[in-house]
Amino acid sequence: MRLLSCSAAAVALAWLFSSAPAAEPAHDLSPELAKIRAVQPKGDGHRDAVAAMKKVSQADAAALPIVIAAMDDSSPLVENWIRAAAEAIAQKQVDKNQPLPLAQLELFLKDTRHSPRGRRLAFELISLQDKTAQERLIPTLLNDPSVELRREAVKKALDDAASISTKENKETAAKLYQNAFAAARDLDQIKVASAKLKELGEAVDVPTQMGFITGWKLLGPFDNVGEVGWDTAYAPEKGVDLTKSYAGQKGEISWVDHTTTDDFGIVDLAKALDKHKGAVTYAYAEFVADKAQPADFRLGSINATKLWVNGKELAANHVYHAGIEIDQYIAKGELKAGKNTILLKVCQNEQKEVWAQDWKFQLRVCDKIGSAILSTDRPVTRTSALPGKNVR
Amino acid sequence: MRFRYSLLILPLLFATNLHAADWLQFRGSENRSTGGDTKLPTEISSDKNVAWKSPLVGKGVSGPIVVGKKVFVTASSGPVVQDRLHVLCFDADSGKQLWHRQFWATGRCFHHPTSANAAPTPASDGQRVYAFFSSNDLVCLDLDGNLQWYRGLGTDYPKAGNDVGMSSSPLVAGGAVVVQSESQGDAFAAGLDVLTGETLWREDRKLGPNWASPALLRDKEGKEAILIQSATVLTAHEPRSGKQIWKYDTSCSIIPSATAVGDKVFLPAKGLTVLEATATTTSPEVAWESNKLSPGNSSPVIVGDQVYILNSAGVLTCGDVNEGTVLWQQRLAGKFWATPVVAGEHIYCINDAGKCFVVKLGAEKPAEPITGELGEAVLASPAVSNGALFLRTEKHLWKIAGQ
């Protein structure tokens, strides 16, 4: 978790005042906001923050942009404390039929250096009193760094596209759906946009748009009877050699190629390797990055998994048959420029229930808001679906 | 000396403005699903005895609670995962929404489509509301919606969470809010200070999925213990220190929760196991076991000499609390998630399709239940307060009261 230093907080406030000079807080809330920003996991910092909240929650409405700015570079925990204070301040004003500082909040919203959640809250507060806000502001948010704000604009693009007769204006409708598809980061909107584009006969590459890895090398099964495989470091954990064969659970095994054609990158091991129970399989991929960068490695699996990137263990989820979801486990990691290695261990247990037979996973590489990061050697279908591209 | 001072000041710190009619937590202030002598209408449907009906945001299978003239309920929303958390307060007389606070979940938000992130029922000590979510976010607000503190237990313990969804409701006792979070990734029970949210204690539990809620044991001497029910054991703890008072090893159900009345604990285990136990017992004794009284999703309800069980086939069974014998059975219909509530002479059972069954209490098999349709799904356990039944349906909060 990152917390801003006092100097960084001062910079954040300086941004605010440089863009919203009209905001004049009745009281300097800096000491109280600093105490709230100092809240840490496991209840650390709570005593000071509890006292500070009483003061901040009673602040004048003019202080709202300053209060919300305290979310900048703060943790999700702090964002919730700050949000609650801002809502309490705003509610008093609204209950008295008094205006919120709409102009300052709109300047805050437009300054993308502020935290995505702070800007989202500003948008919600503006919308409470300015009935024109949504119509004015939403079209400007299609590529916003806030996923919540971007979603509003994608929804508008989808609605606009749906309102067009595809018989008479197929090209216009397709263009709107393409823009929505390229901008969408929420799964439901990606599904709607891709389905509509397919209906219109457009090429759509969902795995590329989302950054799913589709080409894997698989090695298995190794033994996991009694779940012994979870803590057993089989050969791939000591070093991947794609040319070697190994003694597996039921005989000699070697790496096999597997390419999934699933839109969401699901690799069904029960189909690729057979329905082994009490078994471990490794999946390996190489990923060529154009530059060093932080990356999310977002995994979904209904089985127990361990994930290594460049030999470093990023995640271990010893959970069997409790559902599979896209982005179920998000591991923060680093890509280095050039070749990177991704190794996944997928463990199946011996449960006999019908619902406990699945053995599968899906993995994508993306940035913190879900924009795909693609391996530079990925075979690419040139469509408008490519991240950041709006035209063919 | 310091210890003596603490003993003196603790009751003052946690003094509350409790009203006898409050319904402070899952299954009520006494945690027994009983609204006492409160007289409720027996005809309940979407067009009968509806005092008000207010729309709710998002989703939720958490039940409402009532503190004085305020009704609190939680909800969750989100386009893909329900990562937006809502705590709402309504005026009990008019149904007007008094305030609405929102937060961003910090823990795991996945759940089965029938459930929601807002699955646990909130709790209150009469001064503060403690809203807990499947994502292990725990929010403490005063009754006017001012945040007192916020804990992200999913941040603290990131492997805690079941992607089918968690549902254990918090319990407040002895100045501690007690939560239980058990899954394959992490499993614990913890007590947090009601005033600061700081952790008073944490106990590791055996890894594995569990949806049962902590239960309140208030024995005949008035001494309180918290019962924590896991798949293989029931343990009793001092609320504020977490110190284990006693334990009973057995194979427990992991959805319905134990109900304690006087010096008896009705434990969903091997059907139903009844323990003779108090808050100071060192070793509980088994009074009886019956596999004919096997709770489905709803927890046992005890009224006088009878225990009422809703099983997974939708059959309401009445048993004798002293012998465990079955007195009568009444087939209702459908699937039940909500634990029934008792008011006056009736038990109110509502199935997941929103059909209400009002059944007369007593050792003799009653006449056919009085039924009515709400027209919306009901998975949340209702609240009873001041002559009214408060219901959370799929999209609304309802107050049912006689004219």
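How many salt bridges are counted between chain A and chain B? The count is three, a salt bridge being a side-chain nitrogen of Lys or Arg within 4 Å of a carboxyl oxygen of Asp or Glu.

This is a predicted model, in which local features need pLDDT of at least 70, side-chain atom pairs count only at pLDDT 80 or more, and totals for chains, interfaces and linings use all residues. Residues are numbered from 1 along each chain as its sequence is written, chains are lettered from A and ligands numbered from 1 in the order in which they are written, and side-chain values use heavy atoms, with hydrogens and water left out.

**View 1. The interface of chain A and chain B.** Contact (heavy atoms within 4.5 Å) involves 39 residues of chain A and 35 residues of chain B. The two chains bury about 3,100 Å² between them, 51% of it on carbon and sulfur atoms; buried area is the accessible area (1.4 Å probe) lost by two parts on being put together, summed over both. One salt bridge joins the side chains of R47(A) and E198(B), at 2.7 Å from N to O.

**View 2. The side of chain A that touches chain B.** Elements giving two or more residues to this side include α3 (46-56), α5 (76-95) and β9 (312-317) of chain A. Helices (H or I, at least four residues) and strands (E, at least two) are DSSP runs, numbered from the N terminus. The most is given by α5(A), with 10 residues.

**View 3. Buried residues of α3(A).** H46(A), A49(A), V50(A), A52(A), M53(A) and V56(A) are the buried residues of this helix; buried means under 20% relative accessible area (1.4 Å probe, protein chains only). They pack against α2 (30-37), α4 (64-69) and α5 of chain A, together with β9 (147-152) of chain B.

**View 4. Aromatic pairs.** Over all chains, 12 aromatic pairs are found. Rings of Phe, Tyr and Trp (its six-membered ring) pair if their centres lie within 6.5 Å; planes under 30 degrees apart count as stacked, over 60 as edge-to-face and the rest as tilted. F222(A) and Y234(A) are stacked, 4.5 Å centre to centre with 15 degrees between the planes. F222(A) lies in strand β1 (residues 215-223) of chain A and Y234(A) in the loop between β1 and α13 (235-238) of chain A, so the pair ties together parts 12 residues apart in sequence. F222(A) is buried at 3% relative accessible area, and Y234(A) is buried at 15%. F222(A), Y234(A) and Y282(A) form one aromatic cluster.

Note on methods. Buried means under 20% relative accessible area, exposed over 50%, partly exposed in between (1.4 Å probe, protein chains only).
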